[in-house]
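My plan is to look at the whole chain, then at a few residues.

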Amino acid sequence: MDHDKTGCQAPPEGPILCINNCGFFGSAATMNMCSKCHKDMLLKQEQAKLAASSIGNIMNGSSSSTENEPVVAANVEIPLISVEPKTVSVQPLFGSVSEGSEEAKPKDGPKRCSNCNKRVGLTGFNCRCGNLFCAVHRYSDKHNCPFDYRTAARDAIAKANPVVKAEKLDKI
């Protein structure tokens with residue numbers, strides 16, 4: 001396409017390196033600087049303006065506050081007010097939970113099989129009878145389990161499938 005007809009500017013002949021020699025490419029919109037150098041330059045200019053205005057206020061002896069001072073004070077006060085109630089309300093919950101967890105953990109020794117007393121560690125199997133077993137004794141027939149699986153299964157089926165009875169009909 002011809003750039004004169006469309007009204008667009010011709011692209012630059014090649015990429016322009018940043019004028020700060022940082023190694024990145026700059027653009028005309030950022031005064032031939034890369035985005036990082038341009039942002040840093042703007043921050044330095046703002047800081048210089050703030051420093052000049054604060055020095056001017058000190059020299060004049062005026063106690064009028066600038067726009068930045070109330071914002072800083074408000075930012076400091078808001079987190080302190082909102083954080084303190086949350087901390088107070090959360091601490092009792094953690095205290096009550098930690099006391100309950102200490103009472104629930106009476107076992108301090110290593111985990112062992114209830115049948116052969118072998119150390120099982122993380123690979124132990126909890127049975128429905130409430131005991132911990134190794135891989136050899138994990139099945140109910142291997143450790144003479146007192147849990148009645150047949151009754152438990154019957155109860156589960158009875159709960160899952162309730163008896164449905166229709167209403168009696170009057171005979172004609």
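**Entry one: G124.** I began with the contacts of G124. Leaving aside neighbours within four places in sequence, G124 is in contact with L132 and F133. I then looked up where G124 sits. It lies in the loop between α3 (68–104) and β3 (125–126). Is G124 buried, exposed or partly exposed? Its relative accessibility is 24%, so I put it down as partly exposed, since buried would need a value under 20%. I also checked a distance from G124 to H137. Their C-alpha atoms are separated by 9.9 Å, and the two residues are 13 apart along the chain.

**Entry two: the model as a whole.** I note that this is a predicted model. The protein chain has four helices and four strands. Reading from the N terminus, I get the order α-β-β-α-α-β-β-α. The chain holds 172 residues, and buried ones make up 9% of them. Next I took the contacts between residues at least 6 apart in sequence. Of these, 4% join residues at least 24 apart.

The average pLDDT of the protein chain is 74. A score of at least 70 is reached by 64% of the residues. Which element has the lowest confidence, and which the highest? I found α3 lowest, at a mean of 43, and α4 highest, at 93.

I moved on to H143, in the loop between β4 (132–133) and α4 (149–160). H143 has a relative accessible area of 10%, so it is buried. What does its side chain reach at 2.9 Å? I found the backbone oxygen of Y139 there. Not counting residues up to four places away in sequence, H143 touches N115, C127, C129, F133, H137 and R138.

From H143 I followed the contact to C127. With residues up to four places away left out, C127 touches F133, H143, C145 and Y149. I then asked which residues form the largest nonpolar core. There are seven: C113, V120, C127, L132, F133, C134 and C145. L132 and F133 were already on my page as contacts of G124. F133 was there as a contact of H143, too.

Note on methods: Residues are numbered from 1 along each chain as its sequence is written. This is a predicted model: local features need pLDDT of at least 70, side-chain atom pairs count only at pLDDT 80 or more; totals for chains, interfaces and linings use all residues. Side-chain values use heavy atoms; hydrogens and water are left out. A nonpolar core is a set of buried Ala, Val, Leu, Ile, Met, Phe, Trp, Tyr and Cys residues joined through side-chain atoms within 4.5 Å. Buried means under 20% relative accessible area, exposed over 50%, partly exposed in between (1.4 Å probe, protein chains only). Contact means heavy atoms within 4.5 Å. Helices (H or I, at least four residues) and strands (E, at least two) are DSSP runs, numbered from the N terminus. A polar contact is a pair of N or O atoms within 3.5 Å; within protein, one must be able to donate a hydrogen and the other to accept it, and residues adjacent in sequence count only if both atoms are side-chain atoms. pLDDT is the predictor's confidence in each residue, from 0 to 100.
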